[in-house]
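Subject: Structure handover

Hello,

Here is the structure we spoke about. Please keep it open while you read the rest of this email.

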Amino acid sequence: MKQPWTESFSPPRSSEKTAAVLIGVVLALFLLLRVLSWMNTSLLESRDSMSMIRDTKVFLSLDISRIINLPPDTTPIYPLMSAVFSAPGWSMENAARFCSIFFSIVVFFALTGIGRRVTSSQAAVLALLLLAINPVMIGLSKSVLTEPAYIGLVYLGLWFFHRRHENPTWKSGAVLGGIFALTFLARTEGLIYLAAIPVLQFV
């Protein structure tokens, strides 16, 4: 038998459908703004961007000795994924920017999942809209930098954490550990999550 207060917190299906449509509209706006920003970009962002292109060339060479001899402070996830995205024959810069767009889309869907679990669908849509039109995030989403991959992996991990927090298993723990291990390989500050997330599992 359902309690009256549980019914009051169950959103009607019509509002769920409306939220899904709104999320689709916001996603279209999200992609449009980033594509337009990409089309108006002609220069690399910084010297770090040049380093990313150089490292991408190393991974693209498939030369194991060169890959092993990359500098010890190299964070390999972004240049490796950029090399993968260059498979269709795109230039390394375009492949790197597409890689950043890909991880920004991961952030969008991860935030969608988190928002719909911790708040109302309407608040989740508003959060996604703010993400879509934020000028800093628009610029970052197509940049040749490690930040998009790092942010994407962090949000993916947080989404998975929220999904499995109430009923954790060793398999979900292994997946979660793998995701946050990749954040460390995307940016070294990701190391903090390898300690923080296991602790939060018991909170």
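Predicted model: local features only at pLDDT ≥ 70, side-chain atom pairs only at ≥ 80, totals over all residues.

The pocket

The largest pocket has a volume of about 270 Å³. Its lining is made up of 16 residues, and Asp48, Met52, Asp73, Thr75 and Thr146 are the ones nearest the centre. By type, the lining residues are four nonpolar, five polar and seven charged. Helix H3, which runs over residues 47–61, gives the most to this lining, with five residues.

Helix H7

H7 covers residues 121–133, 13 residues in total. From first C-alpha to last it reaches 19 Å, close to the expected 18 Å. Which residues of H7 are buried? They are Ser121, Ala124, Val125, Leu128, Leu131 and Ala132. These residues lie on the same side of H7, because they cover an arc of only 120° around the axis.

The aromatic rings

There are six aromatic pairs in the structure. One of them joins Phe30 and Phe108 in a tilted arrangement, with 5.1 Å from centre to centre and 55° between the planes. Phe30 belongs to helix H2 (residues 13–39) and Phe108 to helix H6 (residues 92–118), so this pair ties together parts that are 78 residues apart in sequence. Phe30 is buried, with a relative accessible area of 1%, and Phe108 is buried too, at 0%. Elsewhere in the list of findings, Phe85, Trp90, Phe98, Phe102 and Phe103 form one aromatic cluster.

Regards

Note on methods: Residues numbered from 1 in each chain as written. Heavy atoms only, no water. 1 Å grid on protein atoms, 1.4 Å probe; cavity = no way out; pocket = protein on both sides within 12 Å on 5 of 7 lines; lining within 4 Å. Points joined across faces, edges and corners; volume = space filled by probe spheres on them. Helix = DSSP H or I, 4+ residues; strand = E, 2+ residues; numbered from the N terminus. Nonpolar A, V, L, I, M, F, W, Y, C, P; charged D, E, K, R; others polar. Expected span 1.5 Å × (residues − 1). Buried < 20%, exposed > 50% of the residue type's maximum accessible area, 1.4 Å probe, protein only. Arc of directions from axis to C-beta. Phe/Tyr/Trp six-rings, centres within 6.5 Å; stacked < 30°, edge-to-face > 60°.
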